[in-house]
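I wrote each entry as I went.

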Amino acid sequence: DYLNEAPSDGSGRWKVVEIVGVTWDTCIYRLQSSPPLEPHPCPQHAWHVEVRFGDEAREYTPVSTAEEWEAGRLDLLVKTYVHGAVSKSFGMLQTFEEAHESSMVNYTPLEDQRCWVLVSRPQVTLYLP
């Protein structure tokens, strides 16, 4: 099992389990991790996570629920921009299954494959009544 041993707050490496095309320039990236030990910090409010690829980071509002996040599932809707550094990194991702097959053929470590997304713990975007 290659799920990360996530910190208790849910931050860390999440693996890509599915990529769903929505339009020609937009996809939903379905991510999975070990369920966080701590409950969602802001389940009743609008929330977002920060995604980092190397030195580049962007904030995304998940299309999944706080309950799904607590179960170790996170869906991010990402639009690809021609000159976007982070969206370009998203565009180069493959699913964990594809990465596993590739690592077996090329004898490369699965940890080095482009099937991982570094995600922050949830943060409040907007406090709701």
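**Entry 1: aromatic rings.** Which residues form one aromatic cluster? I looked this up in what is a predicted model. The cluster is made of Tyr29, Phe53, Tyr60 and Phe90.

I then searched the whole structure for aromatic pairs and found three. I wrote down two of them. In one, the ring centres of Tyr29 and Phe90 are 4.8 Å apart, and the planes stand at 45 degrees, so I noted this pair as tilted. Tyr29 belongs to strand E2 and Phe90 to helix H2, so the pair ties together parts that lie 61 residues apart in sequence. I checked the burial of both residues: Tyr29 is buried, and Phe90 is buried too.

In the other, the rings of Phe53 and Phe90 have centres 5.2 Å apart. Their planes are at 80 degrees, so this pair is edge-to-face. This pair also links distant parts of the chain, with Phe53 in strand E3 and Phe90 in helix H2, 37 residues apart.

Entry 2: Why does Phe90 count as buried? I found its relative accessibility to be 0%, and the cut-off for buried is under 20%. Phe53 has a relative accessible area of 14%, so Phe53 is buried by that cut-off.

**Entry 3: the core.** I looked for the largest nonpolar core and found 21 residues in it. I listed the residues with the most contacts inside this core: Leu31, Val51, Leu74, Leu76, Phe90, Val117 and Val119. Next I asked which elements each supply at least two residues of the core. They are strands E1 (12-23), E2 (26-32), E3 (46-53), E5 (73-79) and E6 (116-119), together with helices H1 (66-70) and H2 (85-91). The largest share comes from E3, with four residues.

I took Val119 from that list and looked up what it touches. Leaving out residues up to four places away in sequence, Val119 touches Gly10, Ser11, Gly12, Trp14, Leu31, Val49, Glu50, Val51 and Leu74. Among these, Leu31, Val51 and Leu74 are also on my list of residues with the most contacts inside the core.

**Entry 4: the surface.** Which residues form a nonpolar patch on the surface? I found Val22, Val63 and Leu77, with about 240 Å² of accessible area together. I followed up Val22, which is placed in strand E1.

Terms used:
Residues are numbered from 1 along each chain as its sequence is written. This is a predicted model: local features need pLDDT of at least 70, side-chain atom pairs count only at pLDDT 80 or more; totals for chains, interfaces and linings use all residues. Side-chain values use heavy atoms; hydrogens and water are left out. A nonpolar core is a set of buried Ala, Val, Leu, Ile, Met, Phe, Trp, Tyr and Cys residues joined through side-chain atoms within 4.5 Å. Buried means under 20% relative accessible area, exposed over 50%, partly exposed in between (1.4 Å probe, protein chains only). Contact means heavy atoms within 4.5 Å. Patches are made of residues with over 30% relative accessible area and no salt bridge: like charges are joined within 9 Å, nonpolar side chains (Val, Leu, Ile, Met, Phe, Trp, Tyr) within 5 Å. Accessible areas come from the Shrake-Rupley method with a 1.4 Å probe; for residues, only the protein chains shown count as cover. A salt bridge is a side-chain nitrogen of Lys or Arg within 4 Å of a carboxyl oxygen of Asp or Glu. Rings of Phe, Tyr and Trp (its six-membered ring) pair if their centres lie within 6.5 Å; planes under 30 degrees apart count as stacked, over 60 as edge-to-face and the rest as tilted.
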